[in-house]
Amino acid sequence: MVCNMRRIFIICVAMSLAFLSGCQRPYEMEYDFALNRDQLRFTKAESKAYFLVYSKSAWSVEFETEVEWATLSRTEGSGNGQVSVFCQANTSVSRGVNIIVTTSDGTSKKVYLSQEAGFSDGYYIIEDPGVQLLSKGVSVSLSAETNLPEDMFDDITIRIDPAEAEEWVKDVVATPTGISCVVSDYVGTESRQATIGVYFPAAEWDESRVTSFMNVTQSNITPQIELSSEYILDPNGGTVTSIPLEFNWAAEYYTYDLSSHTFGDDSWIASSSYDAETQSLKVTPSRNKSGHPRETIVTCYVKDLEGTVLSQTSAVLTQDIFDGIEPADAVALYEGEKYANCYLIETDQAKIYSFDAKKPDGSLPSENMASAEVLWQNVTCPVDKVLYEDGKVYFRTVSDKSGNTVIVVKDAEGVICWSWHIWVAGTTVGTNAVGTYVFMDRNIGALSYDGKDARGLHFEWGRKDPFPGAVHSDAATSLDRQTVSPDVINTVTEQNGKTIEWTIQNPHSYIAGSDNSGKEDWYHDGNDAKAQNNTLWGDGSEKSVYDPCPYGYRVPSKDALDKLAGALKSGSSFTKYDGVRTKDDNEASLYFPVSGWWQRKTNTLELCNVGTQGRLWSSTPSAANALNQEYYSSYVLHCTSATSCSTQTHVRRWGCNVRCVKIN
């Protein structure tokens, strides 16, 4: 063994020295006849390789079978020699051929030449390969998807299993776009089946082969429509329910009349029709306001072209009670062109109301309004249904429930276009006469003219949308924030405030700002951080588009609050955790609850001084603070006792109550 290894080593060294010296080629060895390899493997790309011939005589070389995709550098030689093989790029299936080398005495050897396929993961997928046929013979065609080159389909093999199925499945053709065959008529009683296999060629050494199969079942059965047992129709009515008609046969291969159908009770079926394109029954019910669920039977028929009924199938259609909004039943709020950001309802009866989705000036918030929903409301939930339709907002109140709701209208992308405050007071809202002014007898959002339900809602100055106020628990001195559903009141603390457009799209976001420093106005015009808008709630005489009061009322001016302050100081009484009580010019009860205000303190938004102090906004702005030119404020009526009620300035990002005054 050691000797043999030593001999091999000496031969290799000698060959290397001979090669380096240029005296002898490395393949010039003493063999009668030999080849240095028995196979050549090429990738799919254009390629070149060679093999060596060792011989003591003349020899010839040729392909065993003629091919167009490969060529040889020579066809004959004598003694030792080299043969180069050139392969074209392959875009088809893997391929191979033997190269035969023969000496003058007739001895031959071969080199197997192979080239991989021009594609990877070949497939030929027949869509929905199972076909269910009736007894009548037809031509069947199914679509297919493939990544195989078209020339591969010249050499495919078609097999039909079982073999006897070749008597009734004929003319099978497979192409890159699909497979087709002709099926004969059938007169038997038991169904018969055939599997059609498509086999694509592959080289002998290739372990993968692309195959695909199509299954044909033919039965002597009656054509039948297949339905589910039950279909549920929309209780709102007007919505089309599509009932797909399934079949026990390949419907595209036969022509029947499928349009006929009947209902056991069609009194509540608004319309029905057969859609040939989708092969479905379209049923539209009327709105179910009957007070009870409804049910009917639909029967679909299969008829031949002469009109003879071949079969029929039935299913149950059910419809629940309508529990939504019927626009025709709605009561319009404020008949005529009377628009506002707040709509007051002085009853707690269950009703459907409507109002035009317009700003107080009568303009549209957007041309693309698409839907309406409740943004938030008191946990009593006085509103349970909302609908936007044809430029109107519809909503339904709940019996014996009062409270406050904010309804928004959104565009198709879900962006809020505008919002409205629905104030379900539950009782008649009275008035108080003070000098030349007539005030509401309660704050916006209050559910009573006095007591613990009279605190109302809070507003940042110049904004149209309210925020929750404070409530008493059972203990007279226990106070808490009103809870709302859902609890979506967000707090935003950016110091520079927000634009009007931002507040419209985010009516539930309170802009708290910084903690008693920096800009004290939430407002930002989008360009100048120090900009100020003093007319957001009007100019003291005209109602603005952002005014939060109901139609016919507006936010009072400073002069009006001066008169109200004077009335509260005249013969009034003050009770902690309650408020100031006195009489108006007509000797009617005049009540001022100490509701506190929203204020950011120690990085949190809090209701401050509830039960001890109260403030009412005016529409009148004040000059900037002399010590801080960004300390923007407006006038409020501030009460801390029966003798301490006066108008003073207050920063605009704090949330105070509003008591509306009648527009003369």
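What share of the 664 residues in the chain is buried? Buried residues make up 47% of the chain. Here, buried means a relative accessible area under 20%, exposed means over 50%, and partly exposed lies in between (1.4 Å probe, protein chains only).

The structure is a predicted model, in which local features need pLDDT of at least 70, side-chain atom pairs count only at pLDDT 80 or more, and totals for chains, interfaces and linings use all residues. Residues are numbered from 1 along each chain as its sequence is written, and side-chain values use heavy atoms, with hydrogens and water left out.

The chain has three helices and 53 strands. Both are DSSP runs, numbered from the N terminus: helices are H or I with at least four residues, strands are E with at least two. Of the contacts with a separation of 6 or more, 61% join residues 24 or more positions apart. A contact requires heavy atoms within 4.5 Å. The accessible surface comes to about 31800 Å². Carbon and sulfur atoms hold 46% of that surface. Accessible areas come from the Shrake-Rupley method with a 1.4 Å probe; for residues, only the protein chains shown count as cover.

Strand E24 spans residues 280-285, and five of its six residues are buried. Strands count as paired if DSSP finds at least two bridges between them. E24 pairs with E20 (residues 241-244) over four bridges. It pairs with E23 (residues 269-275) over six bridges. Ser 280 of E24 is the bridge partner of Pro 244. Asp 275 also stands opposite Ser 280. Further along E24, Val 283 lies opposite Ser 272. The hairpin of E23 and E24 has four residues between the strands. In this hairpin, Gln 279 takes a positive phi near 50 degrees.

Ala 34 is buried, with a relative accessible area of 15%. Leaving aside residues up to four places away in sequence, Ala 34 touches Leu 52, Val 53, Tyr 54 and Lys 109. Ala 34 and Tyr 54 are 20 residues apart along the chain, yet their C-alpha atoms are separated by 4.9 Å.
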